[in-house]
Amino acid sequence: IAQAAAGKNCRQSKVAGVCGDKILDGAERVLMATDWPSITYVAAEALLVVDLLDRCQDPLLAAEAELADNVTNSRLRELKAGRSTARHALRLFGIEPVPILPTSGGAPAWPRGFCGSLSHSHRHIAVLLAHSSRYESVGIDIEDGRPLGAATSTTVVTACELQAIDRAGWTVPGSTAEGIAFSAKDAVIKSQYPMTLDASLDFL
């Protein structure tokens with residue numbers, strides 16, 4: 001679990017990342033980018049970039065123009081942030097900007113030699129990128145502390161899982177055990193899909 005600060009006096013988010021069978025641990029090796037609050041967490045042949053959604057609004061590339069068709073301003077903001085941050089992550093690996101188009105399943109199609117995942121909250125954008133020679137797939141999700149609601153919680157997490165999260169001390173002010181469980185499971189679901197093409201996997 002890596003925590004990304006939103007900036008002075010701003011709410012914080014939690015980022016859950018999965019690289020194959022390894023949780024990307026931001027405490028291992030941390031590179032603070034010069035243009036804070038952008039943060040890059042570095043692991044073996046993988047990196048996680050976290051930034052503020054509104055800072056990452058580069059225009060879509062021409063090949064991505066259709067992504068903006070018939071979408072709301074809010075969704076366009078998310079699309080721009082995801083592609084902007086993904087291209088920043090690729091540049092850190094020495095890859096020039098390329099269009100990032102969706103696969104038939106809706107997930108981003110990454111350049112050859114890489115696998116990746118992206119997620120956003122209403123404040124943050126996160127991109128997890130890795131060499132596919134080391135990781136077959138990765139998954140990322142952001143937990144920003146907003147309550148899931150009782151009805152949703154029952155379809156996401158069990159009582160035993162909530163107890164395990166509490167015992168592990170993973171909750172911090174502004175987060176909930178339910179939200180952390182949802183975020184971690186969503187990262188796993190994203191990670192398994194490119195390998196299995198199984199969209200039926202649920203949270204329980």
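Which residues lie nearest the centre of the largest pocket? Keep that question in mind while we walk through this chain together. What you see above is a predicted model, so treat it as a computed picture of the fold.

Let's begin with the overall layout. The chain has 204 residues, and 42% of them are buried. It holds four helices and nine strands. If you start at the N terminus and follow the chain, the elements come in the order β-β-β-β-β-β-α-β-β-β-α-α-α.

Now let's stop at one strand. Strand 7 covers residues 114-120. Six of its seven residues are buried, so strand 7 is largely enclosed by the rest of the structure. Its partner is strand 8, residues 124-131, and the two run antiparallel, paired over seven bridges. Together strand 7 and strand 8 make a hairpin, with three residues between them. To find one of these bridges yourself, look for Cys-115, whose bridge partner in strand 8 is Ala-130.

Cys-56 is buried, at a relative accessible area of 9%, while Cys-160 is exposed, at 59%.

Back to the opening question. The residues nearest the centre of the largest pocket are Ala-107, Pro-108, Ser-117, Leu-118 and Lys-190, out of 45 residues that line it. The space in this pocket comes to about 920 Å³. Which of the elements gives the most? That is helix 4, with 10 residues.

In one, the side chains of Arg-75 and Glu-78 meet, with N and O 3.2 Å apart. Both residues sit in helix 1, three residues apart, which places them about one helical turn from each other. How accessible are the two partners? Arg-75 is partly exposed, with a relative accessibility of 35%. Glu-78 has a value of 19% and counts as buried, because the cut-off for buried is under 20%.

Another salt bridge links Glu-161 and Lys-185, whose closest N and O atoms are 2.8 Å apart. Here the partners belong to separate helices: Glu-161 lies in helix 3 (residues 159-168) and Lys-185 in helix 4, so the pair ties together parts that are 24 residues apart in sequence. Glu-161 is partly exposed, with 29% relative accessible area, whereas Lys-185 is buried, with 16%.

Lys-190, one of the residues nearest the pocket's centre, forms a salt bridge with Asp-186, at 3.9 Å from N to O. These two are four residues apart in helix 4, and therefore about one helical turn separates them. Lys-190 is partly exposed, at 26% relative accessibility, and Asp-186 is buried, at 16%. The story goes on from this pair, as salt bridges that share partners join Asp-141, Asp-186 and Lys-190 into one network.

One last stop on helix 4 is Glu-178. Glu-178 is partly exposed, with a relative accessible area of 26%. Its C-alpha atom is 9.0 Å from that of Thr-158, a residue 20 positions away along the chain.

Helix 4 gives the most residues to the lining of the largest pocket. It contains Lys-185, the partner of Glu-161 from helix 3, and also the pair Lys-190 and Asp-186.

Conventions. Residues are numbered from 1 along each chain as its sequence is written. This is a predicted model: local features need pLDDT of at least 70, side-chain atom pairs count only at pLDDT 80 or more; totals for chains, interfaces and linings use all residues. Side-chain values use heavy atoms; hydrogens and water are left out. On a 1 Å grid over the protein atoms alone, a cavity is a set of points where a 1.4 Å probe fits but cannot get out, and a pocket is an open set with protein on both sides within 12 Å along at least five of seven lines; lining residues have an atom within 4 Å of a point. Grid points are joined across faces, edges and corners, and a volume is the space filled by probe spheres set on the points. Buried means under 20% relative accessible area, exposed over 50%, partly exposed in between (1.4 Å probe, protein chains only). Two strands pair if DSSP finds at least two bridges between them. A salt bridge is a side-chain nitrogen of Lys or Arg within 4 Å of a carboxyl oxygen of Asp or Glu.
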